[in-house]
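Try each task before reading its solution.

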Amino acid sequence: MHKHFLLALYFLLFSFASECFAESKPSPLSEVKNITLKDAYADKFLIGAAIGDDLLENKGHSSFALVKKHFSSITSTDALKWESFNPELEKYNMKPVDYFVDFGVENNIDVVGHVLFWHSQTPDWVFEDDNGRLLSREALLARMRERVKIIAARYGDRIKTWDVVNEAFEANGSLRQTKFTQIIGNDYIEQAFEIAAEELPKNVRLVYNDYDMFEAGRRDAVVKLVEDFRAKGIKIDGVGIQGHWGLRYPALWRAELALQVFERIKIPVYITEMDLDYLGRRWYFGASEEAIKRISSLPEINPYPDANFPPEVDRELAARYRDIFSLYLKYSDIIERVTFWGVTDADSWLNDWPVEGRSNYTLLFDRKGNSKPALEEVLKLVD
Ligand code: GLA
């Protein structure tokens, strides 16, 4: 009896002690103070997340709760691209977009349209007639206008901002040669913006979007584009800097130079596709297909296949996000929005690019939707 009493007492004391210990364990900042990203940054810029098709196909996806809690803006990764929205002539796939737009509007979240015109993820039929011959300039412009008209009629100003043209310039500032340049000519960006301005509601913002905007040639070409549009009275409301970066790439001073230049010409900036490629991809550029195939099967290309990331991974990613967001805060007067390209690491495209099936570590929420130290660092900056 006496022995049982002691055992029970021991058990009680032990549970009490473990509870105390659990309570004294430091909890993540966002949970202690119940801070959310969108609230913390409310007077700085919008915080966006890109919503992939996997989410739009599964309305019960747990990431939607995270989006509602932490994000003030959403972009669809693919659903509005020409090949997804209108894969064949007169065949439309609008349901995922309807859901995407309704979700944003119902939850008071800013909805971004990505992307009206891009050389990639645009099906061949767009550029061809019924006999497979390239269209004339007029016919392609008419097809582009038709696309915008249909979108405008269905979504109007519920989509508040559009990436009108994506990735039109090479790093050296020359115009990328695509079917748009081939058929329409070098003024196709101008034509695209004019169509968007004429067909979309007047209060919709029109943005030019590109990557590696810290490359001087491309950055200067975009500055020239903005100045040229202004001189001609063509509507352009912002410049989108994608932001698919790495732990060391680009050097922050280079990223800052781009922000300084856009600040000087007073054009609002949208960070449209932020993520960090923890695993890196330097080996990929310039490598032959065969080399890529060989390299991609090496274990060091996918060092954490089961997503068991050691603590130093967290520390590095958190420090880099802290530095990048410190820079964004310095330019918060011209930055309108920072959008992450995905919600959690589970839906990051960097698990499958440049090679398929890696476990990458890219965003602020882990694969289970838990906050990462990187989120805490980003929150601390505005605490
Ligand atoms: C580019 C495009 C996006 C997306 C990403 C990669 O940056 O603008 O639509 O395709 O690449 O996922």
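**Exercise 1.** In this predicted model, find which elements the buried residues of helix H8 pack against.

Solution. Start by locating H8, which covers residues 137–155. Its 19 residues reach 27 Å from the first C-alpha to the last, close to the 27 Å expected at 1.5 Å a residue. Next, list the buried residues: Leu140, Leu141, Arg143, Met144, Arg147, Val148, Ile151, Ala152 and Tyr155. An α-helix has 3.6 residues a turn, so residues three or four places apart point the same way. Last, look for the partners. The buried residues of H8 pack against helices H6 (82–85), H7 (95–106), H9 (179–183) and H10 (188–199), and against strands S3 (110–118) and S4 (161–166). Just after H8, Gly156 has a positive phi of about 45°.

**Exercise 2.** State which residues have the most contacts inside the largest nonpolar core.

Solution. The core has 113 residues, and Phe262, Tyr321 and Tyr328 have the most contacts inside it. Helix H14 (residues 311–330) gives the most to this core, with nine residues. Now take Tyr321: leaving out residues up to four places away in sequence, the residues Tyr321 touches include Met274, Leu276, Phe340 and Val378.

**Exercise 3.** Decide whether Asp345 is buried or exposed, and find its side-chain polar partner.

Solution. First place Asp345: the loop between strand S9 (335–340) and helix H15 (373–380). Buried means under 20% relative accessible area. Asp345 is at 0% relative accessibility and therefore counts as buried. The side chain of Asp345 makes a polar contact with the side chain of Lys372, at 2.6 Å. Beyond four places in sequence, Asp345 also touches other residues, among them Asn351, Tyr361 and Arg367.

Conventions:
Residues numbered from 1 in each chain as written. Predicted model: local features only at pLDDT ≥ 70, side-chain atom pairs only at ≥ 80, totals over all residues. Heavy atoms only, no water. Helix = DSSP H or I, 4+ residues; strand = E, 2+ residues; numbered from the N terminus. Expected span 1.5 Å × (residues − 1). Buried < 20%, exposed > 50% of the residue type's maximum accessible area, 1.4 Å probe, protein only. Contact = heavy atoms within 4.5 Å. Core = buried A, V, L, I, M, F, W, Y, C linked by side-chain atoms within 4.5 Å. Polar contact = N/O pair within 3.5 Å; in protein donor to acceptor, adjacent residues only side chain to side chain.
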